[in-house]
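Reader: I'm new to reading protein models. Could you walk me through this one?

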Amino acid sequence: MDQKTLQTNPDLYKIIFESIYDGIAVLDKNMDYIAVNPAFLNLTGFTKEEIIGKNLIELKGTDVQAPTALKTKKPIDGIGPSLIIHKKRMSESDAFSYTTKKLYTYTAVAPIIVDDIAVGTVTTFKILEDVRKKIDDYTRSIKQMRNQLASLHKAQMTFQSIIGESPAIKKAILIAQKAADSEASILLTGESGTGKEVFAQAIHNASPRAEQPFVTLNCPCLPESLAESELFGYEDGAFSGAAKGGKIGLYETADHGTLFLDEIGDLDITIQTKILRVLENGQFMQIGGRKPIDTNVRIISATNRNLTELMHIKKFREDLFYRLCVVAVEIPPLRERKSDIPLLAQKFVDDFSQHSKTFDEKTLQLFSNYSWRGNIRELRNIVLAMVNTTDSSVLTPAHLPDRLKPTQQSIAFNFNPPD
């Protein structure tokens, strides 16, 4: 039967009635059964001929709320025990015996109203054991999806990943470790390349949320027009070009975990306002959404900009700053922790080279004299270049990029680093 034939079929409503998975029973105003569907018959053990025309009380039926719904002309629903009747033929006669089995059901009884008069009732019910199985299936699916999200958004770094013994880096690590176990929002400050994301991941992995997602938003890479949809997601059909089925935003993805807002100083002032609202009430709305979504997210933010100056020129909200900067962790630039340079350089060599390599003293001295405007990121890239351009087991000044060689370093000495 094709769709058109089904639509014009005079028995369409009967077909629908008999196809419904839930048990359905229809009674008249005298509480006599006038219609039941196959699901109801399968549950009770009756045939249609044996139950139609019989009275609710006579058969001790499951829809015990039907008389009340008929009298009040109001629907009734609820969860509770129901006595499900099972018919069984007696072995030595044509009579039947009836057994009852107590099952918990969700039952919904609606009066049938005609010209404002209640002329009968229709009852639908689900066996809660079946519902529970469905819920268990959905729960397992949700848990699997959460595990997949957690694996996709997993923080890799720990405090052991932070290399350094200098007083400046030790101070930053100590503050971050103390803050990690709390729910306080943390603001990481420092120049570009100092390792703010490593600190953010380490804090997350040392927190009670370590098994939950760690989600990163790189604010400078996000166009203003996409910022809201990326953060909060959108409903199906929310705007032209929206993905079918809608989209989950980063805030929802990070639920019960950590959202890392990298370079927060570059975020548009309009989105700052929306983030502030979420921090204040713990809820957000998807684009095109009609109801708020609860969220439980810890915020770690980072910036290489001077937020005080941005607040002064109205480019950053002062109230948001105080929400984000409950704990401030300042990560020192590499030039302020020069004693850590040999440790970092050797760590990068060990990471990049399959063979044992070391630096000679002159190379390390040149490293110490260099200003490192790109900080740890620049050191890492220079070591990578040295490893990939020589087979020597000892890395000498000859293997350095030109800008680090003695004739070029006078240029670096005049570098005035950003705030």
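Predicted model: local features only at pLDDT ≥ 70, side-chain atom pairs only at ≥ 80, totals over all residues.

Reader: Which elements give two or more residues to the lining of the largest pocket?

Author: Those elements are helix H9 (196–205), helix H15 (341–352) and helix H17 (375–388). The space in the pocket comes to about 740 Å³.

Reader: Why is H10 called roughly parallel to H12?

Author: Let's set the value against the cut-off. The axes of H10 (residues 224–232) and H12 (residues 269–281) cross at roughly 20 degrees and come within 10 Å. Angles under 35 degrees count as roughly parallel, so H10 is roughly parallel to H12. Their crossing is right-handed.

Reader: What makes up the contact of H10 with H12: which residues meet?

Author: From H10 come Ala227, Glu228, Leu231 and Phe232, and they meet Ile271, Lys274, Ile275 and Val278 of H12. That contact has 6 nonpolar residues, no polar ones and 2 charged ones. Glu and Lys count as charged, so Glu228 and Lys274 are the charged pair of residues in this list.

Reader: What does Asp32 touch, not counting residues up to four places away in sequence?

Author: Asp32 touches Val26, Leu27, Gly53, Lys54 and Asn55. Asp32 sits in the loop between strand S1 (23–28) and strand S2 (33–36). Asn55 is 23 residues from Asp32 along the chain, yet their C-alpha atoms are separated by 4.2 Å.

Methods. Residues numbered from 1 in each chain as written. Heavy atoms only, no water. Axes fitted to C-alpha atoms, helices over the stretch in contact; angles between N-to-C directions. Helix = DSSP H or I, 4+ residues; strand = E, 2+ residues; numbered from the N terminus. Parallel < 35°, antiparallel > 145°, perpendicular 65-115°, else oblique. Left-handed = near helix turned anticlockwise from the far one by under 90°. Contact = heavy atoms within 4.5 Å. 1 Å grid on protein atoms, 1.4 Å probe; cavity = no way out; pocket = protein on both sides within 12 Å on 5 of 7 lines; lining within 4 Å. Points joined across faces, edges and corners; volume = space filled by probe spheres on them.
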